[in-house]
Amino acid sequence: MEIRLSPGQHFGQAELESLHDWLQAEPELGGRVRVVRHQPGGGEMGALGDALVVAVGAQGTLSVLALSLKAWLSQPRRSDVRIRVENGDGRVVEIDAHNVLTGKDSTETLVDRILGSKSSEG
């Protein structure tokens, strides 16, 4: 399964690059993360259309991804960031750093939301 991470609120090119580097540093995710470039149309800027795609093969890899996202979002500079997460089945959720920081989103909750096991939206 592939998980697509794309910009949400307060998420620009610098955040995308930072998240890419962060995920690549995870031993279980290294080599599974790639940047997908959006070809801008007329009047569009390309950077905000870029996304990360993470190949996850098992629930364990997905848990590592969720833990890593939670750690990255927990950094003080990221307190307003939202990440749009799309699973291979077309399910889209947004992960809100504020919910991560206040403990509203546990790792298990994030995994369930990404997989579409629960219908809660952030």
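Predicted model: local features only at pLDDT ≥ 70, side-chain atom pairs only at ≥ 80, totals over all residues.
Figure 1. Of the contacts (heavy atoms within 4.5 Å) between residues at least 6 apart in sequence, 62% join residues at least 24 apart. Buried residues (under 20% relative accessible area, 1.4 Å probe, protein chains only) make up 40% of the 122 residues. Local features need pLDDT of at least 70 and side-chain atom pairs count only at pLDDT 80 or more, while totals for chains, interfaces and linings use all residues. Residues are numbered from 1 along each chain as its sequence is written, and side-chain values use heavy atoms, with hydrogens and water left out.

**Figure 2. Secondary structure of the protein chain.** The chain has four helices and five strands, taken as DSSP runs numbered from the N terminus (helices: H or I, at least four residues; strands: E, at least two). Along the sequence, the pattern is β-α-β-β-α-β-β-α-α.

**Figure 3. The open five-stranded sheet.** The strand order is β2-β3-β1-β4-β5, with antiparallel pairing; a pair requires at least two DSSP bridges between the strands. Because β2 (33-36) and β5 (92-96) each have a single partner strand, one side of each edge strand is left without a neighbour in the sheet. On average, neighbouring strands are turned by 25° against each other, direction ignored.

**Figure 4. Strands β1 and β3 with helix α1.** Four bridges join β1 (residues 2-7) and β3 (residues 51-55) in the antiparallel sense. Glu 2 has Ala 55 of β3 as its bridge partner. Helix α1 (residues 13-24) packs on the sheet and touches β1, β2, β3 and β4 (82-86). The direction of α1 makes about 15° with that of β3, using axes fitted to C-alpha atoms, for helices over the stretch in contact, and angles from 0 to 180 degrees between N-to-C directions.

Methods
Buried < 20%, exposed > 50% of the residue type's maximum accessible area, 1.4 Å probe, protein only.
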